[in-house]
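Please examine the fold shown below with its sequence.

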Amino acid sequence: MTKRIITTTDAPAPIGPYNQAVLVNENTLYTSGQIALDPKTMQLVLGTIESETKQVMENMKAVLLAAEMNFENVVKTSIFISDMNNFTLINNVYSSYFNEATAPARETVEVACLPKNVNVEISMIAIK
């Protein structure tokens with residue numbers, strides 16, 4: 001097994017002992033969860049749930065690009081949200097990044113608390 005750490009300045013730097021993503025055997029990417037941190041300022045983007053979700057997806061896009069992938073390569077996502085009542089608003093933004101016919105498998109889970117008290121965190125698995 002080969003393991004390559006993926007990093008990019010176009011997504012937020014890790015705020016703990018982890019990496020943005022790990023590429024295994026040059027074809028399978030495991031991303032860490034992304035929250036709505038602006039990668040340039042490391043400040044949270046919390047205006048609306050839609051703007052927060054868009055920042056998360058843009059951060060994820062940057063990580064995928066750093067691994068020479070895009071959303072078409074994503075086979076699995078995990079979405080953690082602080083309030084299931086926001087599901088539709090989050091899903092509307094999330095779905096704009098995928099082709100519905102080839103969208104990845106996914107779970108969405110309401111959790112008690114997320115890092116920095118954000119409302120949404122998303123992680124992905126992608127394959128070349």
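Tyrosine 30 stands opposite isoleucine 125 in β6. Strand β3 (residues 28–31) pairs with β6 in the antiparallel sense, over three bridges; two strands pair if DSSP finds at least two bridges between them. The model is predicted: local features need pLDDT of at least 70 and side-chain atom pairs count only at pLDDT 80 or more, while totals for chains, interfaces and linings use all residues. Residues are numbered from 1 along each chain as its sequence is written, and side-chain values use heavy atoms, with hydrogens and water left out. Helices (H or I, at least four residues) and strands (E, at least two) are DSSP runs, numbered from the N terminus.

The open sheet has six strands in the order β1-β2-β3-β6-β4-β5, with mixed pairing. Strands β1 (3–6) and β5 stand at the edges with a single partner strand each, so one side of each is left without a neighbour in the sheet. From one strand to the next, the twist averages 15 degrees.

Two helices lie across this sheet, in contact with its strands (heavy atoms within 4.5 Å). Axes are lines fitted to C-alpha atoms, for helices over the stretch in contact, and angles run from 0 to 180 degrees between N-to-C directions.

| Helix | Strands it lies across | Angle |
|---|---|---|
| α1 (residues 49–66) | β1, β2 (21–24), β3, β4 (74–81), β6 | about 25 degrees to β6 |
| α2 (residues 87–95) | β4, β5, β6 | about 150 degrees to β4 |

Rings of Phe, Tyr and Trp (its six-membered ring) pair if their centres lie within 6.5 Å; planes under 30 degrees apart count as stacked, over 60 as edge-to-face and the rest as tilted. By this rule there are three aromatic pairs. In one of them, phenylalanine 71 and tyrosine 97 have ring centres 5.2 Å apart and planes at 65 degrees, so the pair is edge-to-face. Phenylalanine 71 lies in the loop between α1 and β4 and tyrosine 97 in the loop between α2 and β5, so the pair ties together parts that are 26 residues apart in sequence. Both residues are buried (under 20% relative accessible area; exposed is over 50%, partly exposed in between; 1.4 Å probe, protein chains only). Ring pairs link Phe71, Tyr94, Tyr97 and Phe98 into a cluster.

Most residues other than glycine have a negative phi. Lysine 116, however, has a phi near 60 degrees, and asparagine 117 has a positive phi of about 60 degrees. Lysine 116 is partly exposed, at 47% relative accessible area, whereas asparagine 117 is exposed, at 59%.
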